[in-house]
Amino acid sequence: MPINFTQLFKDSWHFLQNERKFAFAFVIIFVLVSAGFGLLQQAIFPVLENMEPLNEQQQMDVLLQQSSDLTFLWFTLAKGLATLFIVYWGTMTVHQISQRQSQGFAQTAVMTFNRLLGIILLNILCFLPFFIGVIGTIAGALSQSSLSFISLFLMISGIFILIRLCLSPVRYLLTNESVKSAVQNSLISAKGRTSALFFYCTISYLFFPLVGFQLAVLAQNLLLTIVALVIISLINVFSIVFTYRFYTVFNQQA
């Protein structure tokens, strides 16, 4: 039976309406963390605020120089880990609510932290091949060289790996399985059901981020920035619920 994504959207929205405490708490958490890292970035890397007078090539050179800076890499890593933890903390909280288990936010945070290392490893496994291919493709385009076959292969194979293993971190978080078992069982459950996983990945990893990016671009002053930040945070929370709902339905139909 094909998965009804329209119904998943409705169920996810109804969950947020019914669990307003959860929705409000995690929207606030996303807002505070995003705003905190944004202010910290402006304090550490003020050059980003003064790039408007530069032409396109100069802006690209500054960004490339900054991205190779060790401090910037550590900052990006810290921001990514913080966001990753919040996403799976929210997932664990949604699971506990759905199972009608009376666990508070502090307890679900501890439960998520205990599984964080495996979650990180599985996310690296899911995304790293694709990102390496993308970086190689972009580097080739900037240097105006021909497209690397290895980069193209990594990008295409990375998409395939991501689709097949996209639910493995959630599976590892919510079960007692090892990292290896989560990978193996995710591959088994994905067999013959790639289309559903493809639609899920398109929505979660393309549609939601694009909407957030467009909102961020439109934020031209402080008020619009705050409004955009709140809406983007709400989208992130909705995405957490949507992922959990999809994971649940996907496993039920396995």
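These are my notebook entries on a predicted model, looked up piece by piece.

**Ground rules**

I number residues from 1 along each chain as its sequence is written. Because the model is predicted, local features need pLDDT of at least 70 and side-chain atom pairs count only at pLDDT 80 or more, while totals for chains, interfaces and linings use all residues; side-chain values use heavy atoms, with hydrogens and water left out.

**Entry 1: the overall build**

I began with the secondary structure and found 11 helices and zero strands. Helices and strands here are DSSP runs numbered from the N terminus (H or I, at least four residues, for helices; E, at least two, for strands). Read from the N terminus, the order is α-α-α-α-α-α-α-α-α-α-α.

Next I looked up burial: 37% of the 254 residues count as buried. Buried means under 20% relative accessible area, exposed means over 50%, and partly exposed lies in between (1.4 Å probe, protein chains only). The accessible surface comes to about 15000 Å², and carbon and sulfur atoms hold 68% of that. Those areas come from the Shrake-Rupley method with a 1.4 Å probe, and for residues only the protein chains shown count as cover.

Among contacts between residues at least 6 apart, 75% join residues at least 24 apart.

**Entry 2: where α1 meets α11**

Which elements do Arg245 and Asp11 lie in? First, the pair itself: Arg245 forms a salt bridge with Asp11, with the closest N and O atoms 3.3 Å apart. Arg245 lies in helix α11 and Asp11 in helix α1, so the pair ties together parts that are 234 residues apart in sequence. My cut-off for a salt bridge is a side-chain nitrogen of Lys or Arg within 4 Å of a carboxyl oxygen of Asp or Glu. Arg245 is partly exposed at 25% relative accessibility, and Asp11 is partly exposed at 21%.

I then turned to the aromatic pairs, of which the structure holds 23. Rings of Phe, Tyr and Trp (its six-membered ring) pair if their centres lie within 6.5 Å; planes under 30 degrees apart count as stacked, over 60 as edge-to-face and the rest as tilted. Phe5 and Phe246 are stacked, because their ring centres are 5.7 Å apart and their planes stand at 20°. This pair links distant parts of the chain, with Phe5 in helix α1 (residues 5–18) and Phe246 in helix α11 (residues 222–252), 241 residues apart. Both Phe5 and Phe246 are buried.

For another pair I took Phe130 and Phe131, which are tilted, with centres 5.8 Å apart and planes at 45°. Phe130 is partly exposed at 21%, and Phe131 is partly exposed at 44%.

While in α11 I also looked up Thr243. Thr243 is buried, at 11% relative accessible area. Leaving aside neighbours within four places in sequence, Thr243 touches Val170, Tyr200 and Ser204.

The structure holds two salt bridges. Besides Arg245 with Asp11, I found Glu177 and Arg171, whose side chains meet at 3.0 Å, N to O. Are Glu177 and Arg171 buried or exposed? Both Glu177 and Arg171 are buried.

I looked for charges over rings too (NZ of Lys or CZ of Arg within 6 Å of the ring centre and within 35 degrees of the ring normal). Arg115 lies over the face of Tyr172, 3.8 Å from the ring centre. The charged end of Lys21 sits over the ring of Phe105, 5.9 Å from its centre.

On the surface I noted a nonpolar patch of Leu70, Leu73, Trp74, Leu77 and Leu81, with about 510 Å² of accessible area together. Patches are made of residues with over 30% relative accessible area and no salt bridge; like charges are joined within 9 Å and nonpolar side chains (Val, Leu, Ile, Met, Phe, Trp, Tyr) within 5 Å. Leu81 belongs to helix α4 (residues 70–98) and is partly exposed at 36%.

Arg100 is in the loop between α4 and α5. Its phi is positive, about 55°, although Arg100 is not a glycine. Arg100 is exposed, at 76% relative accessibility.

Met111 is in helix α5 (residues 105–114), partly exposed at 24%. Met111 and Leu174 are 63 residues apart in sequence, with 9.6 Å from C-alpha to C-alpha.

Methods. Contact = heavy atoms within 4.5 Å.
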